[in-house]
Amino acid sequence: MIGFDETPERLMCSRAGCRERATSRIEWRNPKIHTADRVKVWLACDEHVDFLREFLAARDFPLRVVAADAADETDQAAQTADETERQA
Ligand SMILES: [Zn+2]
């Protein structure tokens, strides 16, 4: 049993009811309620990455998918990419 403090919960799929290990991170935001510097992160296993991505894409939320173990610095890259795309 792993202690709660060390449990890598952020590496579990965000899909409701799914407890698979996440392999992808979906970084997204809702432009209506989130400012450009707010990025939400969902985690997805191989099976659900498409489901979650399409769920967000259907709402026209800006998003990007990166590897789950990507460094946190990609957060800033994501924001930059979002802004670039929105203004293009
Ligand atoms: Zn899943």
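## Before you start

This is a predicted model, in which local features need pLDDT of at least 70, side-chain atom pairs count only at pLDDT 80 or more, and totals for chains, interfaces and linings use all residues. Residues are numbered from 1 along each chain as its sequence is written.

## The overall fold

The protein chain holds two helices and three strands. Both kinds of element are DSSP runs numbered from the N terminus: helices are H or I with at least four residues, and strands are E with at least two. Reading from the N terminus, the order is β-β-α-β-α.

Of the 88 residues in the protein chain, 23% are buried. Here, buried means that 20 or more other C-beta atoms lie within 10 Å of a residue's own, exposed means 12 or fewer, and partly exposed falls in between, with C-beta atoms placed from the backbone. Among contacts between residues at least 6 apart in sequence, 61% join residues at least 24 apart. A contact requires the C-beta atoms of two residues, placed from the backbone, to lie within 7 Å.

The three strands form an open sheet in the order 2-1-3, with antiparallel pairing. Strand 2 (40-44) and strand 3 (63-67) are the edge strands, each pairing on one side only. From one strand to the next, the twist averages 25 degrees; such angles run from 0 to 180 degrees between N-to-C directions, with axes as lines fitted to C-alpha atoms.

Two strands count as paired if DSSP finds at least two bridges between them. Strand 1 (residues 24-28) and strand 2 share five bridges in the antiparallel sense, and Ile26 stands opposite Trp42 in strand 2.

## The nonpolar core

The largest nonpolar core has 12 residues, including Ile26, Trp42, Ala44, Val49 and Leu52. Strand 1, strand 2 and helix 1 each supply at least two residues of this core, and strand 2 gives the most, with three. A nonpolar core is a set of buried Ala, Val, Leu, Ile, Met, Phe, Trp, Tyr and Cys residues joined through C-beta atoms within 7 Å.

Take a look at Ala44: beyond its neighbours within four places in sequence, Ala44 is in contact with Cys13, Ser14, Arg15, Ala22, Ser24, Ile26, Val49 and Leu52.

## A loop residue to look at

Asp60 lies in the loop between helix 1 (49-57) and strand 3. The phi of Asp60 is near 60 degrees, a positive value in a residue other than glycine. Most residues other than glycine have a negative phi. Asp60 is exposed, because 10 other C-beta atoms lie within 10 Å.
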